[in-house]
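My notes follow in the order in which I checked things.

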Amino acid sequence: MENLTWTGSLGPLLNPLFLLAWAAFAVAVLAQILLSFVSGNPQMQGNALAMRKSPADWAGLAARAMFGLIVLVTLGYLVGGLLLPGPEAKGIIGTISTRLLPVWISLAVLFALSITFKRRLGLYGKLFDSTIGMVGFGIVMFWVFTAFYADMIATHDPLTQLSGMKNKVPGTAISGADDGVFGYYLLGGDNLARDVFSRMILGAWEVIKIAPFATVFAFMVGITLGVPAGYYAGTLDTILSFLANLILAFPVILLFYLLVTPEIVDTGLPTYMAMVLFIFPLIFGTVLLNSRYHTQPKFRNGIVAAFLAVGGLLYLSLISSNDPNAMIRILPGWLDLFDVPGNILVVFVSVVFVNSPTVFRIVRGIVLDIRTRDYVAAAQTRGEGAWYVMLWEILPNARGPLIVDFCLRIGYTTILLGTLGFFGLGLSPESPDWGTTINDGRRLLSIYPHPALAPALSLMSLVLGLNLLADGLREESLRD
Amino acid sequence: MRDESYTGPILEIENLSISFFTRLREIPAVMDFSCTVQPGEAMGLVGESGCGKSTVALGVMQDLGVNGRIVGGSIRFKGRDLNSMSAAELRDIRGSEIAMIYQEPMASLNPAMRIGKQLMEVPMIHEGVSEKEAYARALEVVTDVRLPDPERMLNSFPHQLSGGQQQRIVIAMALMSKPSLLILDEPTTALDVTVEAAVVQLVKDLGEKYGTSMLFISHNLGLVLETCDRICVMYSGEAVETGSIEDVFDRMRHPYTQALFRSIPLPGADKNARPLVAIPGNFPLPHERPPGCNFGPRCDYFEAERCDAGDILMAPVSGDDRHGTRCLKFDEIDWDAPIAASIATEKTEPGQVVLKTEKLKKYYEVAASALFGGGAHKVVKANETLSFEARESETLAIVGESGCGKSTFAKVLMGLETATSGRILLDNKEIQDTPIEERDTKTVSNIQMVFQNPFDTLNPSMTVGRQIMRALEIFGVGRTEDARREHMLELLDLVKLPREFATRMPRQLSGGQKQRVGIARAFAGGARIVIADEPVSALDVSVQAAVTDLLMEIQRNEKTTLLFISHDLSIVRYLADRVMVMYLGHVVEIGTTDQVFAPPYHPYTEALLSAVPIADTKVKKKHVVLEGDIPSAMNPPPGCPFQTRCNWKSKVPGNRCETEVPKMVTTAEGHQIKCHLSREELDSMEPVIQIAAE
């Protein structure tokens with residue numbers, strides 16, 4: 001079998017066009033910048049029809065057209081790859097596009113449904129009015145679906161090493177591949193002869209699985225402490241803000257190193273921290289329900305008990321472990337729903353620990369503003385409890401900035417996970433997550449860049465997508 | 001640049017149409033608007049919020065933002081078409097020949113720049129004068145706007161000045177380059193009444209002194225009457241009537257203008273004998289305007305097939321000077337017909353005393369150093385010896401400007417704060433020391449409040465029905481969810497809102513509707529005392545009457561005691577049985593409405609009465625303009641709280657005003673005044689408001 005080219009049989013046709021489009025785009029952009037210095041201000045007053053186009057405008061138009069062409073050709077590569085038969089004709093891009101077919105279908109369905117019903121979907125629907133928001137959402141959902149279908153997409157096991165594939169360039173055919181084994185390393189092999197493409201895809205799952213959850217916990221902690229700090233102000237606020245500042249001022253990397261040092265892990269410190277940090281969602285939920293339904297004691301007892309039963313079980317499953325050496329073994333084995341590996345727990349704890357002070361400060365600031373509103377006074381004057389006012393009158397109205405920050409913070413968390421992986425902290429050294437993979441590929445970066453490049457670009461695109469999504473949400477939530 | 005020889009009209013707007021473009025549709029904001037402002041003339045632009053009056057002003061400034069565009073017509077300033085000017089030419093005109101004054105003074109001044117520098121910029125940019133000359137000019141103008149100690153003013157930052165002083169600086173800045181046209185967009189709405197009166201007087205005097213033409217935008221007909229020569233009434237993007245003040249006020253020829261005048265409380269209106277007539281229906285949304293006459297659906301004289309047939313043009317009213325109306329039937333309507341719709345009701349007799357306060361005091365301690373809590377403590381005396389009683393189904397108005405302590409009193413009454421000393425008796429039970437958490441449900445539901453700002457009074461992320469039901473839950477009304485829902489729907493009926501509103505979100509409601517929901521919520525637990533904190537001041541004129549009437553009607557049926565907090569004396573006279581005037585935490589005058597509105601007055605009441613603009617050409621007012629601003633409650637003057645601004649101070653022998661807090665003097669049964677003036681001086685006072693004989 002021959003090695004694959006990047007673009008397969010589409011190459012001779014599309015490659016020159018692609019290059020040409022890029023060249024023309026660059027020239028047009030440059031021309032637009034230069035010409036805008038030369039030509040005077042266009043007359044914008046009065047009737048719009050009378051507007052004359054200056055040379056700079058024409059250059060801008062050309063740049064836009066070329067950009068459209070570039071997008072079109074890129075789409076051509078992806079769609080062409082889907083349609084052509086056989087890996088040789090598809091090329092690397094085409095084959096990857098084919099592997100990602102479930103993702104494309106899911107994205108198409110999601111977008112079609114969302115755009116059709118966008119007027120009925122509130123803020124989420126409004127997102128589809130902003131191009132930036134749509135692009136960001138598309139990128140994020142691309143990685144979410146990729147993570148979801150990872151096992152279908154990946155071509156090889158992320159840990160299998162195939163002889164002769166060490167540091168091979170993208171598209172290398174596997175010599176003497178068995179039947180049923182995919183015949184190529186699409187994005188090449190790393191220095192342990194593992195498939196870079198499969199590791200990248202499965203790494204997405206590692207990232208998507210941890211980052212949002214860790215962020216949710218950070219928000220829970222930040223909100224549960226930030227709302228009362230802003231509402232009561234005074235001494236409570238001073239103490240909590242001081243603590244938050246203390247944590248923020250502490251060097252983060254040093255904190256991580258400390259948390260994962262075996263001696264510290266042996267003292268059980270991370271586990272106890274996990275105990276404390278993970279109980280916040282439980283407290284939050286209980287207070288939320290109690291404040292809302294305390295006027296109907298019967299109903300309240302039922303719903304709070306149900307919540308505590310489910311939440312408590314999850315909480316105990318999370319912190320207790322079946323491992324005989326574990327610090328906390330509260331639940332009997334048959335009740336323990338799942339075990340979180342110790343190193344992931346440490347990652348969770350450190351992410352929550354460094355993110356929650358920032359969330360705390362944001363929430364506190366918003367609450368300080370909202371508590372002066374009349375509807376808060378109205379709730380107070382009808383004798384509502386403080387927690388009802390905080391959680392049902394104030395918090396829902398702080399959601400706008402919080403949703404935006406949530407998106408941005410998932411991005412930070414993703415980078416933080418990468419950083420942790422890069423330092424070899426937290427996740428196991430064999431884990432395909434992007435940070436660890438970048439660290440592995442770093443050593444031979446000058447000779448074989450591809451093992452590090454693939455996860456690095458993935459990380460970049462996911463964080464970019466999240467930031468664009470946050471931008472889109474912010475823009476749309478401000479509009480009416 | 002400046003053409004001094006030009007003698008024609010300063011501003012000519014012809015058939016102007018302005019639209020805003022959103023991603024869904026084009027929204028016409030102003031349609032077919034024409035007006036002319038002659039040199040030295042003041043033109044008033046009146047209308048409710050959303051009628052397009054500010055858009056006209058922005059159109060004149062050619063500052064419509066990215067979404068707005070002029071889609072038709074022309075704006076000529078001194079004969080030159082503003083629509084076809086380049087950005088550079090416009091920059092030259094803005095700020096030098098056309099100046100604009102905005103509503104919020106703090107937002108128009110750069111907080112990081114000294115006042116002097118901001119003022120000097122104007123002539124330095126537009127005329128290129130030297131720094132020295134610019135400083136001299138700034139000093140002159142600041143003196144002109146009657147600010148004390150001009151040199152210190154020029155050297156201070158905006159936040160160091162009070163709201164009234166800031167607005168004077170903004171006016172000074174507008175006058176720096178001696179503009180030919182001054183656009184004032186609700187210049188006094190953010191100010192207190194007595195300060196407003198002084199600023200309005202100033203604008204009037206300066207207009208005469210500099211010969212500036214003015215475009216005065218306001219929602220307040222009374223203000224326009226006091227400041228302008230001509231008026232243009234706008235409704236839903238169109239000018240509906242224009243003419244001289246006398247013509248429009250006394251011989252109005254458009255049904256909207258007429259309805260507007262019938263819905264504002266003028267002297268003579270009375271809640272029982274001559275109630276206000278609210279305009280039915282709601283202001284149409286810009287994209288839901290009816291065909292033909294925009295006012296058609298709310299008009300008493302509406303004639304189907306005619307009024308909704310096609311576009312209606314401005315028609316001149318013969319015999320009057322440039323008086324026009326946008327009504328097809330103005331010749332047929334009998335404009336002098338008496339108001340038919342008003343229904344007189346029986347006056348309700350107040351019952352027994354429900355609420356009684358005795359020498360109530362509320363002091364706040366403010367630490368001088370916030371960080372360590374040490375050092376000297378300052379005491380803010382928010383309420384000083386408040387004593388009064390309120391009876392069942394009585395309306396007691398509490399009148400005063402910002403900082404007078406009325407909100408603090410409301411807080412103490414509600415239990416959000418506890419009193420420093422004195423007593424509050426609710427049904428002979430002391431409640432002054434019980435914070436709201438310790439009050440029983442009945443006490444809490446007995447005293448409820450209606451808030452001022454309709455856009456703030458409802459939680460934006462909860463449905464209307466849910467919010468009312470929450471109040472029912474808290475007050476323990478109804479045993480089951482269904483019973484409460486039923487009760488909630490009845491409450492919506494009570495405030496005359498359709499039952500479908502239960503599932504709406506607050507943002508889908510107009511200001512008046514939100515305020516109705518707020519009223520429904522306050523009455524959820526069968527409140528016996530309702531504190532209404534300026535419940536209608538943020539609403540449009542035509543909606544105010546409807547909400548006021550609703551409050552009155554519920555009060556009549558439920559025998560509620562209404563504590564009506566307001567600074568608007570027109571509405572107080574209309575609906576209050578008794579009035580209590582407050583200044584800096586003191587009650588300075590208390591009595592029945594008739595007693596307070598007739599001499600003898602407390603000097604502050606006199607100034608307040610004179611300051612409130614009244615939209616009636618027949619009313620003759622005595623001009624009492626107070627100098628200066630309200631002192632800070634942190635640092636009140638010694639002796640009488642009002643002595644720093646009092647015009648009568650010289651009539652009191654010695655320096656008693658400065659040293660001694662006056663005692664309450666009873667002048668008549670139930671009428672008390674806190675003043676050092678002798679009985680003879682008080683009796684010699686002349687009435688402020690006189691209605692000229694017809």
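I began with a strand pair. This is a predicted model, and I read the pairing from its coordinates. Strand β25(B) holds B:K674, the bridge partner of B:M664. Strands β24 (residues 664-668) and β25 (residues 671-674) of chain B run antiparallel and are joined by four bridges. I then looked at the turn: two residues lie between the strands, and B:G670 in this hairpin has a positive phi near 80°.

**Confidence.** I noted the scores next. The model has an ipTM of 0.79 and a pTM of 0.81. For chain B the average pLDDT is 82, and 96% of the residues score at least 70.

Most residues other than glycine have a negative phi, so I listed two exceptions. A:N167 has a positive phi near 55°. I placed A:N167 in the loop between α7 (150-153) and β1 (172-173) of chain A.

B:N428 sits in the loop between β16 (421-426) and β17 (429-430) of chain B. I counted 8 other C-beta atoms within 10 Å of B:N428, so this residue is exposed; the cut-off for that class is 12 or fewer.

**Helix α6 of chain A.** I checked the length of this helix, residues 131-148. At 1.5 Å a residue its 18 residues should span 26 Å, and the end C-alpha atoms are 25 Å apart, so the two agree. Which residues of α6(A) are buried? I found A:G133, A:G136, A:F137, A:V140, A:W143, A:V144, A:F145, A:T146 and A:A147. For reading such a list I recall that an α-helix has 3.6 residues a turn, so residues three or four places apart point the same way.

**Chain B as a whole.** I ended with the overall figures. Chain B has 22 helices and 26 strands. Its C-alpha trace spans about 75 × 65 × 55 Å along the principal axes. A compact globule of 694 residues would have a radius of gyration near 26 Å, and chain B, at 27 Å, agrees with that. Of the 694 residues, 48% count as buried. Among contacts in chain B with a separation of 6 or more, 68% are between residues 24 or more positions apart.

Key
Residues are numbered from 1 along each chain as its sequence is written. Chains are lettered from A and ligands numbered from 1 in the order in which they are written. This is a predicted model: local features need pLDDT of at least 70, side-chain atom pairs count only at pLDDT 80 or more; totals for chains, interfaces and linings use all residues. The expected span of a helix is 1.5 Å times one less than its number of residues. A residue is buried if 20 or more other C-beta atoms lie within 10 Å of its own, exposed if 12 or fewer, and partly exposed in between; C-beta atoms are placed from the backbone. pLDDT is the predictor's confidence in each residue, from 0 to 100. Two strands pair if DSSP finds at least two bridges between them. The radius of gyration is taken over C-alpha atoms; the globule rule is 2.2 Å times the number of residues to the power 0.38. Two residues are in contact if their C-beta atoms, placed from the backbone, lie within 7 Å.
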